[in-house]
Amino acid sequence: MTRSARLAGIGSFLPSCLVPNAQLAARMDTSDEWIRTRTGIRQRYFAEPGTTTSDLAAEAGARAMKSAGLAEVDAVVLATTTPDRPCPATAPVVAAKLGLAGRPAFDVQAVCTGFVYALATACGLLAMGCVDTVLVIGAETFSTILNPADRATSVIFGDGAGAMVLRSGQTAGNGAVGNGAVGPFDLGSDGTGQDLITVRAGGAEQRRSGSAPAPGDEYFSMAGREVFRQAVEHMAQSARAVLGQVGWQAGDVDWLACHQANLRILVRLADVLGIPEARVLANIAEVGNTSAASIPLAIDQAYRAGRFKAGDRLLLSAFGGGLTWGSTVLTWPDLTHP
């Protein structure tokens with residue numbers, strides 16, 4: 001028998017500032033119809049002034065810990081592209097807000113693939129016996145890095161947070177055996193594509209260039225068409241790889257829970273994998289693309305809507321800046337329904 005990771009609790013949090021498409025259309029060259037037909041998004045949520053990524057993360061983390069019936073955990077892993085500060089990491093701040101000062105806490109930065117990378121990291125900590133419980137959070141205030149005049153990005157992203165508590169368990173093999181089991185994983189990256197999803201200014205590269213950043217370089221940018229192509233390609237390959245590791249076929253997957261980047265990407269990925277669209281978790285219409293928060297947020301909302309039963313097989317897959325991609329599987333546990 002070897003140590004494995006099991007899902008013990010889940011939670012999510014959205015800020016209260018609802019931003020419908022009409023509000024964005026009123027200040028830029030776009031319309032509700034243009035946004036919906038190209039992205040599937042109707043609305044998103046933005047954090048209020050004074051609200052930080054650590055605030056959203058701490059609230060989602062507290063809800064996940066309550067779901068797990070735990071007052072404390074042994075470690076905190078936070079996936080985010082929008083930390084409170086460039087230095088230090090935000091996870092220790094989140095841990096302190098949760099009354100977990102003194103516990104190991106650190107950030108993982110893989111943009112929209114961040115939560116899958118963070119899950120893999122947490123599973124490694126559990127497998128090595130370093131800890132018995134880990135709080136894994138994906139949290140973003142993407143509204144802080146969006147160019148308000150760029151309709152190609154500003155209409156897509158939203159703010160939010162989602163979290164899972166993982167607990168150590170036992171498994172007889174390498175696969176996802178038994179309710180609540182998380183893993184194995186397939187992860188990958190390609191740094192030659194760093195310009196496809198990026199914030200060019202503010203890092204060592206720009207600061208050591210000897211010149212001021214170009215106008216707009218302080219904002220997030222994305223080459224949408226190429227990202228679409230590569231997202232479907234890499235998520236499909238990664239998903240197939242992890243299914244092969246556990247011996248599942250597409251027909252064995254009850255729910256496809258992938259990064260909520262664009263509704264067309266979700267539909268296309270399901271088609272490529274041979275998974276019926278009815279089995280795709282999709283909340284992008286209501287919350288937009290929440291980057292590292294999107295997978296746990298979508299899963300938590302589906303759970304609270306009563307869509308899962310114990311033993312359901314979930315396939316998780318994501319693609320993001322780096323370029324990065326990754327997939328894993330989760331067998332839904334018998335959680336106490338909220």
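Q: Which class, nonpolar, polar or charged, has how many residues in the lining of the second largest pocket?

A: The lining has 16 nonpolar, 6 polar and 4 charged residues. Here Ala, Val, Leu, Ile, Met, Phe, Trp, Tyr, Cys and Pro count as nonpolar, Asp, Glu, Lys and Arg as charged, and the others, Gly among them, as polar. One caveat: this is a predicted model, where local features need pLDDT of at least 70 and side-chain atom pairs pLDDT 80 or more, while totals for chains, interfaces and linings use all residues. Residues are numbered from 1 along each chain as its sequence is written, and side-chain values use heavy atoms, with hydrogens and water left out.

Q: What makes a residue part of the lining of the second largest pocket, and which lie nearest its centre?

A: A pocket is an open set of points on a 1 Å grid over the protein atoms alone, where a 1.4 Å probe fits, with protein on both sides within 12 Å along at least five of seven lines; a lining residue has an atom within 4 Å of a point. By that rule 26 residues line the second largest pocket, and Ile 156, Met 222, Gly 224, Arg 225 and Asn 262 lie nearest its centre. Helix H8 (224–246) is one of the elements supplying at least two lining residues, and H8 gives the largest share, 6 residues.

Q: What is the volume of the largest pocket, and which element gives the largest share of its lining?

A: The volume is about 990 Å³, meaning the space filled by probe spheres set on the grid points, which are joined across faces, edges and corners. Of its 40 lining residues, the closest to the centre are Gln 109, Val 199, Ala 201, Gly 202 and Gly 203. The largest share, 4 residues, comes from H7.

Q: How do you know that the length of helix H3 agrees with its residue count?

A: The expected span is 1.5 Å times one less than the number of residues. H3 has 16 residues (53–68), so it should span 22 Å, and its end C-alpha atoms are 22 Å apart, which agrees. Gly 69, with a positive phi near 75°, follows H3.

Q: Why are strands S2 and S3 called paired?

A: Pairing takes at least two DSSP bridges between two strands. S2 (residues 17–20) and S3 have 4, in the antiparallel sense, so they pair. Leu 18 has Tyr 45 of S3 as its bridge partner.

Q: Which way do the residues of S3 point, and are they buried or exposed?

A: Gln 43 and Tyr 45 point one way, Arg 44 and Phe 46 the other, and all are buried (under 20% relative accessible area with a 1.4 Å probe, protein chains only).

Key:
Buried < 20%, exposed > 50% of the residue type's maximum accessible area, 1.4 Å probe, protein only.
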